[in-house]
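The following report walks through one protein model for a reader who has not seen it before.

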Amino acid sequence: MPRLETTLRLPAQDELQQLLQGLLQPSARIDSKYLYDDRGCELFTDICRLDEYYPTRTEAHIFSDHRDAIAAQLPDTPQWIDLGCGDCSKTLTWLDAVQPARVIGVDIAGEFLHSSMAAVARANPELECVGVVCDFTQHLELQELLAERPTNPPVFFYPGSSIGNFEPRDAMRFLRRIRALSGEHGRLLIGADLLKPRAILEAAYDDASGVTAAFNLNILNVVNRELGAEFQPELFRHQAHFDEAHRRIEMHLVARERHSVRLARHTHRYFGAGERIVTEYSHKYSVDEFRALLAASGLHCSHYWADPQDWFGVFLAEPV
């Protein structure tokens with residue numbers, strides 16, 4: 001069985017207080033990490049199979065077409081660190097090409113992570129598998145774990161354009177943390193969604209079959225469970241739109257009618273009809289913008305691959 005570690009930093013009560021305060025802001029906000037409970041992870045796996053959701057299949061085609069070329073640029077027998085690994089399906093496609101010394105899966109959903117890493121271990125009994133439960137968007141503490149194998153450089157694998165969920169300044173902070181953990185010979189293999197027409201972007205986050213809507217609305221069930229709140233998901237609808245000024249998709253939950261919600265034992269909030277709760281941002285970049293972001297974080301983009309339409313980019317970066 002895989003080894004499982006937990007490096008969650010904030011006490012549970014502090015996490016819940018942050019969640020509550022976000023809901024009490026004039027513009028209510030729920031951190032996107034709450035989208036990914038076990039049910040949310042299942043729904044996101046379904047999203048990745050949708051026709052409208054181009055990032056997963058486009059990135060997969062880039063990886064398939066260039067896997068050997070990418071692997072040739074990586075250090076031998078690295079420690080492969082899958083950030084936000086989910087079901088580990090993407091990592092499984094790299095094991096033969098990369099031949100890692102071990103796989104480290106990092107995710108915030110502990111039970112889902114354990115089952116995912118167990119599946120990797122069963123399929124690869126000779127491979128050391130370690131799961132790390134943490135909110136890596138806030139704290140990525142892997143120094144001691146990586147130091148156990150000092151001769152195996154880390155390769156941080158962050159596919160799927162999740163870097164877009166960070167505000168640009170927070171993205172830089174996160175990438176600088178990866179730079180600090182990379183040592184001299186580490187690498188970052190990262191996917192980034194590129195700018196494209198609004199209609200394509202918005203359809204990817206608001207599919208016709210309603211899977212993304214169910215994924216977004218499920219966050220209210222998570223809040224109910226975490227805070228003991230009393231949201232009624234049927235009183236909200238999913239909305240996604242592209243904000244040109246900030247170059248990002250915004251996912252909202254929009255109140256269908258005016259109503260009151262008990263958020264905690266003695267705390268209520270009224271939501272007016274049409275009032276929004278922000279649940280996710282997904283920033284989009286040009287190739288030059290993303291290269292500049294890497295450079296500002298102490299990382300040099302040594303190689304870049306894209307699909308024929310330039311919808312999605314895969315960047316390989318190394319410490320400067």
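Trp 94 is buried, with a relative accessibility of 0%; buried means under 20% relative accessible area, exposed means over 50%, and partly exposed lies in between (1.4 Å probe, protein chains only). This is a predicted model, in which local features need pLDDT of at least 70 and side-chain atom pairs count only at pLDDT 80 or more, while totals for chains, interfaces and linings use all residues. Residues are numbered from 1 along each chain as its sequence is written, and side-chain values use heavy atoms, with hydrogens and water left out.

## Aromatic rings

The charged end of Arg 67 sits over the ring of Trp 94, 4.6 Å from its centre. A charge sits over a ring if NZ of Lys or CZ of Arg is within 6 Å of the ring centre and within 35 degrees of the ring normal. Arg 29 has its charged end over the ring of Tyr 281, 4.6 Å from the centre of that ring.

A pair of aromatic rings is described by the distance of the centres and the angle of the planes. Rings of Phe, Tyr and Trp (its six-membered ring) pair if their centres lie within 6.5 Å; planes under 30 degrees apart count as stacked, over 60 as edge-to-face and the rest as tilted. The structure holds 21 aromatic pairs, among them the two in this table.

| Pair | Centre to centre | Angle between planes | Class |
|---|---|---|---|
| Tyr 36 and Phe 215 | 5.5 Å | 65 degrees | edge-to-face |
| Phe 63 and Trp 94 | 5.2 Å | 80 degrees | edge-to-face |

Tyr 36 lies in the loop between E2 and H2 and Phe 215 in helix H10, so this pair ties together parts that are 179 residues apart in sequence. Helices (H or I, at least four residues) and strands (E, at least two) are DSSP runs, numbered from the N terminus. Tyr 36 is partly exposed, at 22% relative accessible area, whereas Phe 215 is buried at 2%. Tyr 36 and Phe 215 also belong to one aromatic cluster with Phe 44, Tyr 53 and Tyr 205.

In the other pair, Phe 63 lies in helix H3 and Trp 94 in the loop between H4 and helix H5 (95-98), so parts 31 residues apart in sequence are tied together. Phe 63 is buried, with a relative accessible area of 6%.

Two strands pair if DSSP finds at least two bridges between them. E3 runs parallel to strand E4 (residues 102-107), joined by five bridges, and pairs in the parallel sense with strand E6 (residues 154-158) over four bridges. Asp 82 has Gly 105 as its bridge partner in E4 and stands opposite Phe 157 in E6.

Thr 77, in the loop between helix H3 (54-72) and strand E3 (79-83), has a phi near 40 degrees and is partly exposed at 41% relative accessible area. Cys 88, in the loop between E3 and helix H4 (89-92), has a phi near 65 degrees and is buried at 1%.

## An open sheet and the cores

An open sheet of four strands has the order E2-E12-E9-E8, with mixed pairing. Strand E2 (28-29) and strand E8 (236-243) stand at the edges with a single partner strand each, so one side of each is left without a neighbour in the sheet. Strand E9 (residues 248-255) and strand E12 (residues 276-283) pair in the antiparallel sense over seven bridges. Ile 249 has Ser 282 as its bridge partner in E12.

The largest nonpolar core has 41 residues, of which Ile 30, Phe 231, Phe 236 and Ile 277 touch the most other members. A nonpolar core is a set of buried Ala, Val, Leu, Ile, Met, Phe, Trp, Tyr and Cys residues joined through side-chain atoms within 4.5 Å. H10 gives the most to this core, with eight residues. A second, separate core of 32 residues includes Phe 166, Ala 171, Ile 190 and Tyr 285.
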